[in-house]
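Me: Hi! Could you walk me through this one? I have the sequence and the model open.

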Amino acid sequence: IPANIYRFFVKYLTGVGTSPASTETKPFSISPTSLPQSLTVENVTSNSIMVTWQPPAVLAIGLDLDDLLYKLVIKGENGYEKVIVTADYEFTVMEPLDATKYTFDVSVVIDRKLLEAPPCDLCEFNSTKLSLDMEVFEKSDVVTTSVFSKPLPPKLVQVIDAEVTLSSAVLKWDQPTDLAEGSTILHYVLEYTAVNENGTEAFSGTEGQLIVTETQIEMI
C-alpha cells in the first residue's frame, strides 16, 4: 500500500509446526505513488525534442492527480543539465545541440503543504509517529529514456574532373566529424535533381532520392 511504513519477519512451516519468528527488519517506507508511466520521445526535429508521459497508476488514499507535479531532469552528454517542475504531461527541448545524446528522468513531486492539525481530545487518531530508526535504502523513483539529436551533416568532397564523364560522375563525402556517444550511422540519404547548364534552374520532375551505406556513389 503506498505511503505506508512496513517491517517484516519470517517464519517457516513444517509438518510439526511453525518456527519462531526471525528478527524483524527495520521499518521502511513505501512511496506515496507508483512511478510515472509511458515516458516516450514523441518527436525529434532539427529544432526540438518532445517527450511525454502519463501519471502514476497507483496513488495513496487521500491523494489525487491534482496533487501531483512532475520533476523532469534533462541531461546532455556535453554537460548540459536542466531541471523542470511542471504539472503538464509533456515538455519540449528547443534548439538541442546536434549530435548529442539526451537523457530524460521523470519523477513525481507531491504538491501539497503540511498544515498544523487542530487541537483535539484524541490526537492519536490524527497523528503519526515516524521511527527515527527507519531503514534507508536507495529507491528507484524515476523513469528514464534517452534519444539522440539530429546528426551533423556529412561534408561533400570536391568532384574530381577525371571521375566525371558524359554519362556518369562519382560523388564522395566524409562522414560527420562528431557522432553522439553510442550512436552509429545507418545510411546516408542522397537527394538529387537535374538543372540547366548554368546550375540556376531545376528541371521539374527530375528529383530523386537514394539510400547509400557507403561514403561514395557513381551516378549514371
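This is a predicted model: local features need pLDDT of at least 70, side-chain atom pairs count only at pLDDT 80 or more; totals for chains, interfaces and linings use all residues.

Reply: Happy to! Residues are numbered from 1 along each chain as its sequence is written, and side-chain values use heavy atoms, with hydrogens and water left out.

Me: Thanks. Is E95 buried or exposed?

Reply: E95 is exposed, with a relative accessible area of 55%. E95 sits in the loop between β9 (90-94) and β10. Strands here are DSSP runs (E, at least two residues), numbered from the N terminus.

Me: What about the phi of E95?

Reply: E95 has a positive phi of about 50°, although it is not a glycine. Most residues other than glycine have a negative phi.

Me: And where is A99 found?

Reply: A99 is also in the loop between β9 and β10. Its phi is positive too, near 50°, but A99 counts as buried at 12% relative accessibility.

Me: New topic: what is the strand order in the open sheet of four strands?

Reply: The order is β8-β7-β10-β11, with antiparallel pairing. Two strands pair if DSSP finds at least two bridges between them.

Me: Which strands stand at the edges?

Reply: β8 (81-86) and β11 (142-148) do; each has a single partner strand, so one side of each lacks a neighbour in the sheet.

Me: How many bridges join β7 to β10?

Reply: Nine bridges join β7 (residues 68-76) to β10 (residues 101-110). As for V73, its bridge partner in β10 is D105.

Conventions: Buried means under 20% relative accessible area, exposed over 50%, partly exposed in between (1.4 Å probe, protein chains only).
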